[in-house]
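I opened the notebook today to look through one structure, helix by helix. Here is what I had on screen.

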Amino acid sequence: MNENEELILGMIRENPFISQQELSEIVGLSMSSIANIISELIKKEYVMGKAYVLNETTPIICIGGANVDRKFYAKHEITNETSNPVKSSTSVGGVARNIAENLGRLGEEVFLISASGLDSEWEEIRALSSPFMNVEHVARFENSSTGSYTAVLDKNGDLSIALADMDVYENITPELMIKNSNFLRRAKCIVVDLNCPSETIDYICSFTSKYNIPLVIIPVSSPKMNRLPKTLSAASWLIVNKDETETFMNIKINDDEDWENSVKKWLELGVKNVIVTNGSKGVMAGLENGEIKHYSAIETPMVVDVTGAGDSFCSGVIYSWLQKKDTDYIIKSGLVNSHKTIKSKYTVRQELSQKQFTLDMEAI
């Protein structure tokens, strides 16, 4: 290979989705020169055309958090300002990553865009995530730590306090989205969580509107609700909980009437479909046609761990919506997947598959 061929091959190896236009701009050669170099690389069998096959795919792209989850389970009532006996476990998590794994286990082709450190925590996430999603578009940063989430659960399995080290996600910038724009354009659906900075959320909203790509927005916590755009016309779905809704709208939801009114307010902000979840009280869904409907939660007497319940709910909804199921089936999909997840000690239940999900839906 000559010098230019080695340069182009290295760039293709780094990003198999890079376009000839991008190569031309970066290297400073004409498009025809780039085309000739790639043609020679194919003739020499350094490039087998795999990227061109990949370019025809229409994956679900999940953008946002991918972190290490550490969970501490209190053996007794939690007492402040002293030592509490616990059991502990470590797993991989992050809202976008959890949703990607759920969808990957359900047979969808999923790609993850996130940010991580150059550390062993990322290597653990990569190893456990790769069987279910493509992680080649995760950007890695030398002077950052991979995100971590530490949860303390009371003796009933409910969350007592959570600690989040998520500074690395500030690197999920509009510039990173622009770098991946050709790849993003092929998505059949983009799912973004609010671990991303507000300017990135704004960019994704503009991008999906421009290219008519379905967009699902998933908040991650009440403090990050200020990252949500004031206008939500780009969003096909917003899946948000009661506390996040109260924070964003500066209201209190005290009864079913307040709950329904909050759904109406979300719809007034332009989102096409919205679900406001409320724990054991179920969910309230507002649809593009103006219909608002309550769905009861599935009774779960034996809760093992609520971590991941929201992500599994979102995944069930997204999966069945993309399968073009009716609204009742879509909401039930979320409720069933969440119900099964909180009976498991795993953030993403290990038995989940397309076949198992169908059986679960039929059984409930």
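**Entry 1: the model.** I noted before anything else that this is a predicted model.

**Entry 2: H2 against H3.** I began with helix H2 (residues 20-27) and helix H3 (residues 31-43), whose axes come within 9 Å and cross at roughly 110°. Angles of 65 to 115 degrees count as roughly perpendicular, and so I put H2 and H3 down as roughly perpendicular to each other. I also checked the hand: H2 passes H3 in a right-handed crossing.

Which residues meet where H2 and H3 touch? On the H2 side I found Gln20, Gln21, Leu23 and Ser24, and on the H3 side Met31, Ile34, Ala35 and Ile38. Sorted by class, this contact has five nonpolar and three polar residues, with no charged ones.

**Entry 3: what covers H2.** I then looked at burial in H2 and found Glu22, Leu23 and Ser24 buried. Leu23 and Ser24 are also among the residues that meet H3. The cover over the buried residues of H2 includes helix H1 (3-14), H3, helix H7 (174-179) and H8.

**Entry 4: Ser181.** Ser181 is found in helix H8 (residues 181-184). Is Ser181 buried or exposed? Its relative accessibility is 12%, and the cut-off for buried is under 20%, so Ser181 counts as buried. Leaving aside residues up to four places away in sequence, I saw Ser181 touching Tyr203 and Phe207.

**Entry 5: a salt bridge in H5.** My count of salt bridges came to 15. One of them pairs Arg97 with Glu101, with the closest N and O atoms 2.7 Å apart. Both residues sit in helix H5 (residues 95-105), four residues apart, about one turn of the helix. A reminder to myself: an α-helix has 3.6 residues a turn, so residues three or four places apart point the same way. I checked burial for this pair too, and both Arg97 and Glu101 are buried.

Entry 6: Lys242 forms a salt bridge with Asp243, where the closest N and O atoms are 4.0 Å apart. Asp243 is partly exposed, at a relative accessible area of 43%. Lys242 also meets Glu246 in a salt bridge, at 3.2 Å from N to O. Glu246 and Lys242 both belong to helix H10 (residues 242-249) and lie four residues apart, about one turn of the helix. Glu246 has a relative accessible area of 9%, so I listed Glu246 as buried. Through shared partners, salt bridges join Lys242, Asp243, Glu246 and Lys252 into one network.

**Entry 7: H10 against H11.** I stayed with H10 and turned to helix H11 (residues 256-268). How do H10 and H11 cross? Their axes come within 11 Å and cross at roughly 60°, and H10 and H11 are therefore oblique to each other. I recorded this crossing as left-handed.

In the contact, Thr245, Phe248 and Met249 of H10 meet Ser262, Lys265 and Trp266 of H11. By class, I wrote down three nonpolar, two polar and one charged residues for H10 with H11.

Notes:
Residues are numbered from 1 along each chain as its sequence is written. This is a predicted model: local features need pLDDT of at least 70, side-chain atom pairs count only at pLDDT 80 or more; totals for chains, interfaces and linings use all residues. Side-chain values use heavy atoms; hydrogens and water are left out. Helices (H or I, at least four residues) and strands (E, at least two) are DSSP runs, numbered from the N terminus. Buried means under 20% relative accessible area, exposed over 50%, partly exposed in between (1.4 Å probe, protein chains only). Contact means heavy atoms within 4.5 Å. Axes are lines fitted to C-alpha atoms, for helices over the stretch in contact, and angles run from 0 to 180 degrees between N-to-C directions. Angles under 35 degrees count as roughly parallel, over 145 as roughly antiparallel, 65 to 115 as roughly perpendicular and the rest as oblique. A crossing is left-handed if the near helix is turned anticlockwise from the far one by less than a right angle, and right-handed if clockwise. Ala, Val, Leu, Ile, Met, Phe, Trp, Tyr, Cys and Pro count as nonpolar, Asp, Glu, Lys and Arg as charged, and the others, Gly among them, as polar. A salt bridge is a side-chain nitrogen of Lys or Arg within 4 Å of a carboxyl oxygen of Asp or Glu.
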